[in-house]
Number of protein chains: 2
Amino acid sequence: MLVIGGGFAGLWATRGLASAPVRVTLLDRTNHHLFQPLLYQVATAGLSAPDIAAPLRHILRRQRNATVLLGEAVAIDASTRSVRLADGTCLDYDTLVVATGATHAYFGHDDWAAHAPGLKTLDDALLIRRRVLSAFEAAEREDDPAQRAAWLSFVVIGGGPTGVELAGTLAEIARHTLKDEFRRADPRHAQVHLVEAGPRVLAAMPEALSASARAQLERLGVLVHTGTPVTVVHPEGVRIGDTPLAARTVLWAAGVAASPLAESLGVPRDRAGRVPVLPDLSVPGLPDIFIAGDLAQVAQADARPVPGVAPAAKQMGAHVARAIRARLSGRAAPAFRYRDYGNLATIGRMSGVVEVGRLRLSGVLAWWFWLTAHLFFLIGFRNRLVVLIEWAWSYFSYQRGARIILGSGKPESRP
Amino acid sequence: MLVIGGGFAGLWATRGLASAPVRVTLLDRTNHHLFQPLLYQVATAGLSAPDIAAPLRHILRRQRNATVLLGEAVAIDASTRSVRLADGTCLDYDTLVVATGATHAYFGHDDWAAHAPGLKTLDDALLIRRRVLSAFEAAEREDDPAQRAAWLSFVVIGGGPTGVELAGTLAEIARHTLKDEFRRADPRHAQVHLVEAGPRVLAAMPEALSASARAQLERLGVLVHTGTPVTVVHPEGVRIGDTPLAARTVLWAAGVAASPLAESLGVPRDRAGRVPVLPDLSVPGLPDIFIAGDLAQVAQADARPVPGVAPAAKQMGAHVARAIRARLSGRAAPAFRYRDYGNLATIGRMSGVVEVGRLRLSGVLAWWFWLTAHLFFLIGFRNRLVVLIEWAWSYFSYQRGARIILGSGKPESRP
């Protein structure tokens, strides 16, 4: 049994096989499981990288039938039942679970990637942190007012949960965290733009909550642009529709595409690269291969697709384990059913929106709900305690505990 | 007034001028003050980078006469009183404090740097963390027993405090932290070698404490080699005297050289590149330039040189501020006197040695003393609290909270 990917789907699939009479190998290209819902806080210097990540082999140390391997899968050969790794070696499998998730997509503008980094891994988060903090440093050194304004302009592309969280937190950093620390460039003059091509932010939420989120963003000082796409991204800024905007820091939260590993399966994929799977989450025509998480395209009872969120990935992972256990005992695998527990998004200090069943919250109550839920789901006692302290300290001090530029330390020279 | 370097010396010099009628610019190539005595804990995955670093401009936010700039000084022109930065711009000064410290020195073997990284910055620490954790991962994937043993062999070159701390902690990681997490390579078979060319480890300590430190290291499982230098370092291992040793992870804690910035002063320097300074810490012939910290070569009353340790750097920084204030009010600058508060080193779990005045401690008492002293001196309430929790958690769980491989995530291909 081979599981590729140690995210929510892959980890939950592995754990679900703990008492099954199989040996499970979990392969990941990093050594850690990442709690992605809090990744934007590492990018915005609120948390340290280790606060939201735990070593996979530590999580699975007591599961004696599980082996963790560090390596990157580059191709699946279903005919020989083997997976080729980036270092040239191969791993054989009898049953394969592919849970490699999604990556950023620039909709055919791959040259934008260098100017507008996306947020999927810890390394992405540290790159964004470096660019954001370095932009304020560059503004402080800049004498030309137009250039200084460009360094103090931030554009977040994409009005989904990640874009909203990033924009809200950037506004908070400029207004509160960095206040009084600069002598020449006042961070409170920074402009944070959130650009959404569709008609509203948080499109997965009911309209009233989208409107509330927008109002909360604007109260935090974010300039929200909806209904117009970004048409150009270059090192000096962007173009929103036909309007140019000078901004030295542009972040990408707009599009995801499924992991390219699925290409090598040679089965049909949808426009986003996801693989339509059977109700038990196995691949049509390849019964030994299951797909779980953001890479799977599966419909809910009402025909809407299961969304690419953490709870869905966990449920799919657990379901794959159930399906494999059923097969092992000669029973038919059950069909996957997504249980939608709702939608949460935080926006900034004491702001957020929540939709859980019929419950709708916004503002400070939504923010508390979000905080509690995320602390609860964070893996590992130590992480929870440290994150709780970081949050409490940030709340009372308006500070952020991880304002450390790693890497070059200098504002990067952009290509 | 321009201060180059935001380490202990530069920061204490800047703070010492808070109430003086001057404007101070503090220039550093990173955005943070680093608490270097705990850097080895970031390298060995015990602490996160932000736990031991604080943004310089946050530390100095209330000192209204201080401006912090991010930039790298590359040359000092004493004739025009200006400092050239890496980006080509210049900063003028009336009085200059050079506190750029020291870097690793490979004694003419600069090609060793790629195979045996040293530990001076947070980026160094994250590189070492990545190599150490990746070595265990590579051992788990390796089928050849000799290769696996080479991945599980670690060599620390240099028996000073940093080398002792690194070696002791590596042994603890192999024996306790990673226990039960690997299925093929047993981390408890790892070998940690500490190589010191001189006759004993911790040569700055009394002989009895050196002997105790060695015994404590050996009890933790470290193989201590003294009296023989490392003569070759290559990607597959080292040669200790004439004896080859296969080891894929080699760390450098042997030599430091003063920052090369002092070259551009055109004044005499000692063999380690340090500048001999006058009793008030100004440069002979250049009364407007002071040097503080590891870059200064200054003698104690008994003619021994002031050591390159954090308390000495702080004292020199504070002294430079006093000397500048004295000059401003027309008094003669006092002579610097080093107050030696003693020597501490930790070795591993509940092991350490302490010499403070006539007090000598070793073992668990020394370890507690070290812990308390380092928590006390760590800057910032938040850092202290988070570090205290990380330590308490590590102590009881034998775990380390920052076991996250950042960067490539794959064992690096060495040159």
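**Exercise 1. Work out the strand order and pairing of the open sheet of 3 strands in chain A.**

Step 1: The order reads β6-β7-β8 (chain A), and the pairing is antiparallel. Strands here are DSSP E runs of at least two residues, helices are H or I runs of at least four, and both are numbered from the N terminus. Two strands pair if DSSP finds at least two bridges between them.

Step 2: Now find the edges. β6 (73–77) and β8 (90–92) of chain A each pair on one side only.

Step 3: Zoom in on β7 (residues 82–85) of chain A, which is joined to β8(A) by 3 bridges. Across that pairing, Val83(A) sits opposite Leu91(A) in β8(A).

A word on the model: it's predicted, so local features need pLDDT of at least 70 and side-chain atom pairs count only at pLDDT 80 or more, while totals for chains, interfaces and linings use all residues. Residues are numbered from 1 along each chain as its sequence is written, with chains lettered from A and ligands numbered from 1 in the order in which they are written.

**Exercise 2. Describe the contact between chain A and chain B.**

Step 1: Count residues in contact, meaning C-beta atoms, placed from the backbone, within 7 Å. Chain A gives 42 residues and chain B gives 42 residues.

Step 2: Pick out the elements on chain A's side. Those giving two or more residues are β4 (53–55), α3 (56–59), β5 (66–70), α4 (122–141) and α10 (381–397) of chain A. The most come from α4(A), with 7 residues.

**Exercise 3. List what Ala292(A) touches, leaving out residues up to four places away in sequence.**

Solution: Its partners include Ala9(A), Val97(A), Leu281(A) and Met316(A).

Notes. Contact = placed C-beta atoms within 7 Å.
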